[in-house]
Amino acid sequence: MRIVVLTGAGISAESGVPTFRDADGLWEGHRVEDVATPEAFDHQPGVVHRFYDERRSALHAVEPNPAHRALARLEEALGDNLLVVTQNIDDLHERGGSTRVLHMHGELRSALCRGCGGRSPWDGHLAHLPPCPACGEAELRPDVVWFGEVPYEMDRIQTTLDRTDLFVSIGTSGAVYPAAGFVQYAGRRGARTLELNLMPSEGTHLFDEARHGPASELVPAWVD
Ligand code: BJW
């Protein structure tokens, strides 16, 4: 059985990482266009850096929850037949034990060079900008995918969806494309589709089956 799991902010919510669009979510204190677009970074780099610096610092205080750990157990059982595609920029899947994880919207603990495009591990405050370790010259930015930018690893994700038997979406509102379109893409290619989310997502009707509740309960129950 080949499985692709798509995760969103909801899987990390019970670890204490805020989601985006829920009440008290990340967008509450910010307008999306002020922090999650390349234009915002051009106009107010300090504001954008602070938004990501704070979220990067907060990673030190959070731990993976039973949902992340359950997916790591699933990988132990399925090996290469499981791929986790996450929209999250935290590292809780890896800390929970998963190794086959694609971060399609980038990673908080990585910096991207605006000059050479090099990606380098980063755990400090980008507001105190060092030069790029690869080219030594250009400015670094958060290594995240903003609106209007193309997510990472799209070819690999599409190829894996082409031959998956089951597509499972966990903790995502289905509000952001292209991830929101994966359910239809996989379904058209013959995969069964399952949603595990706190409440019905925007695309819940597109899934063959949907279960609603906290990820820390639903995911272990599904895996084990
Ligand atoms: C729980 C829970 C618990 C809570 N247990 N569940 C019209 C059609 C198609 C596309 C577009 C369109 N108009 C515009 C576009 C493009 C645009 C887009 O989608 N806009 C929409 C607003 C419509 N997309 C893009 O620009 C993307 N690029 C693109 O399309 O390039 C073109 C291209 C693609 C492919 C091939 C070739 C070309 C880029 C999108 C980048 C998104 N970036 C962000 C920021 C990343 C950095 C950061 O983290 O700051 O990614 S935005 C933000 O939203 C972040 C997230 O990854 C993403 C999704 O959010 P997520 O994870 O779903 O979180 P929430 O908060 O929305 O939902 C949480 C869910 O969890 C809720 O349902 C809760 O109920 C649930 N939950 N607690 C289980 N305990």
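How many residues of domain 1 are in contact with how many residues of domain 2? Nine residues of domain 1 touch seven of domain 2, contact meaning that C-beta atoms placed from the backbone lie within 7 Å.

This is a predicted model, in which local features need pLDDT of at least 70 and side-chain atom pairs count only at pLDDT 80 or more, while totals for chains, interfaces and linings use all residues. Residues are numbered from 1 along each chain as its sequence is written.

Domain 1 comprises 1–16 + 64–105 + 151–224, and domain 2 comprises 18–61 + 108–144; these bounds come from an automatic or database domain assignment. Their centres, taken over C-alpha atoms, are 24 Å apart.

The ligand is surrounded by 36 residues, with Gly 8, Gly 10, Phe 20, Gln 87 and Ser 173 the closest; a residue is near when its C-beta atom, placed from the backbone, lies within 6 Å. Domain 1 and domain 2 each supply at least three residues to this shell.

Helix α5 (residues 66–78) and helix α9 (residues 215–223) pack with axes 7 Å apart at about 20°. Helices here are DSSP runs of H or I with at least four residues, numbered from the N terminus. The two are therefore roughly parallel, a term for angles under 35 degrees. Residues meeting there include Leu 71 and Leu 74 in α5 and Val 219 and Val 223 in α9.

Composition by class follows, with Ala, Val, Leu, Ile, Met, Phe, Trp, Tyr, Cys and Pro as nonpolar, Asp, Glu, Lys and Arg as charged, and the others, Gly among them, as polar.

| Site | Nonpolar | Polar | Charged |
|---|---|---|---|
| Shell around the ligand | 20 residues | 12 residues | four residues |

How values were computed: Contact = placed C-beta atoms within 7 Å. Axes fitted to C-alpha atoms, helices over the stretch in contact; angles between N-to-C directions. Parallel < 35°, antiparallel > 145°, perpendicular 65-115°, else oblique.
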